[in-house]
Amino acid sequence: MLLPEHDFVKPATLAEGLAVLRDAPGDVRLLGGGTDVVFNMRCRLLTPDTLLSLKDLPELQGIAVLPDGSLQLGAACRLTDLVAATVLTERYPALVKAFRAVASRHVRNLATLGGNLCLDTRCWFTNQTKEWRDAKGPCLKTGKDVCHAIAGAPVCVALNNADSPPALIALEATVTLASSRGERRLGLQDFYREDGIRHTVLEPDEILTRVTIPPTTDRLVFLKETARQGMDFSYGAIAVRADGSGATASRLRIVLGSLTTAPRLLAGAAERLAVLGLGDDGLDAACATLRDELGPLTNLYSPAAYKRELARILLRKAVLELREMQA
Amino acid sequence: MSKPEDLSVIGRRQPRLDGFEKVSGRSVFTDDIVLPGMLHGRILRSPHARARIIRIDVSKARALPGVKAVVSNVDAPDMLFSEKQPLLAKGFVHYVGEEVAAVAATDPLIAEAALDLIEVEYEVLPAVTSLRRAQQLDAPQLHEWAAGNVALTHEKDFGDPDAAFAASDLVITDEFRSPVQHNTLAELHVALADFTNPDKLHVWTPTQGAPMYQMALAKAFGLETSQVRIVYGNVGGAFTGRGRAKPHHFIAALLSRVAGKPVKIKATGDEEFIMFRGSGETQYRFRTGVTRDGKIRALEADVTFDAGAHAEWAMILWLPAPYLNWLYKVDAVRYRGRFVYTSTVPKGSHHGGIFGRLSAGWMQHLNHVAEELGMDPAEFHRKNAIDPGHHALDGSDFASCGLKECIDRVVERSGWKAKYGKLPPYRGIGIGIGAQASGGKNAANDTSAAMIRVADDGVVTLYTGIPDMGQGSHTVMAMITAEVLGVEPEDIRIVGGDSDITPFDWGAFSQRGTFTTGNAVKLAAEDARAQLAGIVGPLLGVAATDLKFAHRRVWVRGETPDATGRSFSFREAIGKAFNGVQGLAIMGRGSFNSPRPSGSLAYSFGAQVAEVEVDPESGAVKVIKVTAAHDLGRALNPLAVEGQLDGQVFSGMSQVLYEECRMDGGQILNPSRLEYKLPRTYELPEVEYILVETIDPYGPFGAKEVGEGPIVVTMAAVANAVANAVGEMLPQIPMTPWRLLRVIRHRRNHGLAPAD
């Protein structure tokens, strides 16, 4: 479980980093806090030629409120700093809850926002040591056309287990991706792909630099179901955002995390709740849409039947909590 | 807790003497030790659950610069790990992870690279990767000597079970299953072997006791036992997982012999789950016959164990037979057990031994019996519970027994009568009882020995082979020594964990530490005190037996501790001995062995009540409170006892609700602390401790074990509480959210209680 040999580059500026990314030979991996990448390297899931450290890049730092009221978070912000930021705790307590849900304080002291958003997908047939995988045989992600999780699956079905995306997607956050070609900005929900191997749209020459959250006075609830309190990836997580107050809402965004390969935006359930309200009728109708909206689920880490049940449980609990909140 | 006047140290809430060393990171563990010239060993393991080995070629690995030794079966063709199991795979591999070859190199990365250069050609054979499959008629036979894949059977009748069942008014049968579970030791498996001198093998490793390791390694390498030295300074947990040497101990020694250098092998995170030998899949069928008024006539248990690929740990097969006799006054007991081969890692047992997981099922079954009779389970257990002086059908004698007092006190303290059957839906309360032997004779002797040396400055050194694996045994041994010699625990230095230095001691398993080693230490201290008294008595003008030793003083019994001319400080007394005419250096020795031909001298008993809350929406269980009563004879160190109870409640709850190796084709899917879902301290419920002191006639100061008895009872109480909350016996542990949701939904769909 030792680290494979690699070069380590720590650029002073974003431009320098982007140039390394464009010009360095071989496989370059972006390194935030390293809590995911380093362990995957120990397991020989990643064997990059170069690690490009982003955590001290000045352009990726800081928490700022923009003139229009938007909140801008640097991708290299440590989760610990986000959890402690007054501007966040006052305005987005549920988002802070999501950041705090990540692993443990020790991990959050290292882990960055960008790292959590780019967290690789996970599968218990893949996220194992090399010896373990050699015994099982390679899979879609490790070089063969076999999926051990779902026989015949055409794409990798590994799970997106990151805690922060659901809440940020519910808040309609955007991410800014920089490359030596320029910069582009897209909604976080469009950042993710339903493919456990290329699970984001980040191009090989791009770096995620910042996250922008538009101003809102909507209610937001975040819930995470785990086997134990803390220090754990979730079995399932949900973020629900709604306008209005009490049982009335005209616009909702519901995002489920950890059950699928990309965070899942539930448009059908949101629409049912907007039409029928957050009362029991609306809730039942929303739950009834889940089966279709979720589609097939895997047995990774927990049984598919339980995942389906969990989606319903999380939605119910979140909406019940939302009902108690005023705008 | 009683603390008679004449005891000054025993019964005190004594913090661990090594606590500061531990929390400040100064304690040395095996992996901290680096010897000059030390090499790093790695093991090449089988990638197949079952295969024929066609060819092994190690030449490329051997040629890699930095590689100092490569071994495979040809280097030790006759070396066995267990009776029919070659140390390194010979011709066949029988599980994923089986040891095929090993390398030692100057650098861990070189060792890792060398593994990749070993070429092994396999012909894959059909494997059997579950206990269920192993027992099917068309299952492949895994070993030529084991028809039906049955490795061993054990059948035992006590009394006349057929007659007792026939005489019963009601006979109830239940089935239960427990999964593969890992001991999750804080300190991963590690061995450092130095075999550079062919006449002496030194092995540094965490262990529960040196003799078993010495004997096994000596046999394998053609040495006398004393030519093998085991050094085990600090041990990061054991939980039955370090009872015997494992393959990596032998392999490290073999590599060291070949390379002529010390070799360290330490487990990687997931290798730990291959080396572990924790508990395997187990199937249970319980049958109980009772009279209409609730008297148990006959008990029966039929247990099928997954042995894994090799029958390494057959002891767990016969342990349930006596255990079934220890709790209830019954007419007859029947045990049927079998050990079944599968193509998986060889198995042993987990914290709580076989008794914990057995109890999680058996106690649910017995509560089921009580409820069928319309009886309160607490009353049912009490009505049938044994009394002191009971002679059990298996020959066990219980000189002290506080079982009924334990039941009475947990029933009272937990508010059982106000809660049982009266809680709101999905709140549950459960009771369990259990017993545990303090040591036991499984060989010619069950001996522990101890030595004590008193220096001229009054410092007392205790030499003991009992390891401190976190349970605080060294602190308790210091307390016993201090009590006898009339000094303070802080005055005792412990020299332990080196088989070249410390006197014989089987070690810390079968709950023999406090009881057996404690008796040996007490004898050694009494021997030292008698020597000192022989000098001091005449100087004070009294018989040696008329002296009182306490508070670092020696004085004439019945007088004041500091009467002039009638007392000495302990240090003065030692000075009188050392600098007197005889120039006597005080050295005490003690050796203790049960006088019984077999079995144990003392048994502890316990009862616990657990309260849980099940979330019917998510299936999650919260353990709210555990009320734990344990008859431990005497609490030598109540602080340590409470720590034992906390730890065992935690681990017991964890095994019932959380722990499971999820298996796929003979591989563990969750071989890490992240995915093997242990709870955290946040999940530990409130624990109320009730220490029942029955003062056992054979125990040191009356003490019996508290090292495993409580977890057995916790597993029963928590399982019963969850069953009580959802309305029926749960046929399987761990009781995960998805398993509970299935039961809850099924009961709702069929209109069964609890209604909500």
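Trainee: This is a predicted model. Which residues of helix α1 of chain A are buried, and what makes a residue count as buried?
Mentor: In α1(A), residues 14–23, they are Gly17(A), Leu18(A) and Leu21(A). The label requires 20 or more other C-beta atoms within 10 Å of the residue's own.

Trainee: How do you know on which side of α1(A) they lie?
Mentor: Their arc around the axis is only 100 degrees, so they sit on the same side of α1(A). In general, an α-helix has 3.6 residues a turn, so residues three or four places apart point the same way.

Trainee: What covers these buried residues?
Mentor: The cover includes strands β2 (28–31), β3 (50–53), β6 (174–179) and β8 (207–213) of chain A.

Trainee: In chain B, why are α11(B) and α19(B) called oblique to each other?
Mentor: The axes of α11(B), residues 353–372, and α19(B), residues 709–726, cross at roughly 40 degrees and come within 8 Å. Angles under 35 degrees would count as roughly parallel and 65 to 115 as roughly perpendicular, so the pair is oblique. The crossing is right-handed. Among the residues making the contact are Phe355(B) and Met363(B) of α11(B), and Ile711(B) and Met715(B) of α19(B).

Trainee: How do you know whether the radius of gyration of chain B agrees with a compact globule?
Mentor: For 756 residues the rule gives a radius near 27 Å, and chain B has 27 Å, so the two agree. Of those residues, 58% count as buried.

Key
Residues are numbered from 1 along each chain as its sequence is written. Chains are lettered from A and ligands numbered from 1 in the order in which they are written. This is a predicted model: local features need pLDDT of at least 70, side-chain atom pairs count only at pLDDT 80 or more; totals for chains, interfaces and linings use all residues. A residue is buried if 20 or more other C-beta atoms lie within 10 Å of its own, exposed if 12 or fewer, and partly exposed in between; C-beta atoms are placed from the backbone. Helices (H or I, at least four residues) and strands (E, at least two) are DSSP runs, numbered from the N terminus. The arc is that of the directions from the helix axis to the C-beta atoms. Two residues are in contact if their C-beta atoms, placed from the backbone, lie within 7 Å. The radius of gyration is taken over C-alpha atoms; the globule rule is 2.2 Å times the number of residues to the power 0.38. Axes are lines fitted to C-alpha atoms, for helices over the stretch in contact, and angles run from 0 to 180 degrees between N-to-C directions. Angles under 35 degrees count as roughly parallel, over 145 as roughly antiparallel, 65 to 115 as roughly perpendicular and the rest as oblique. A crossing is left-handed if the near helix is turned anticlockwise from the far one by less than a right angle, and right-handed if clockwise.
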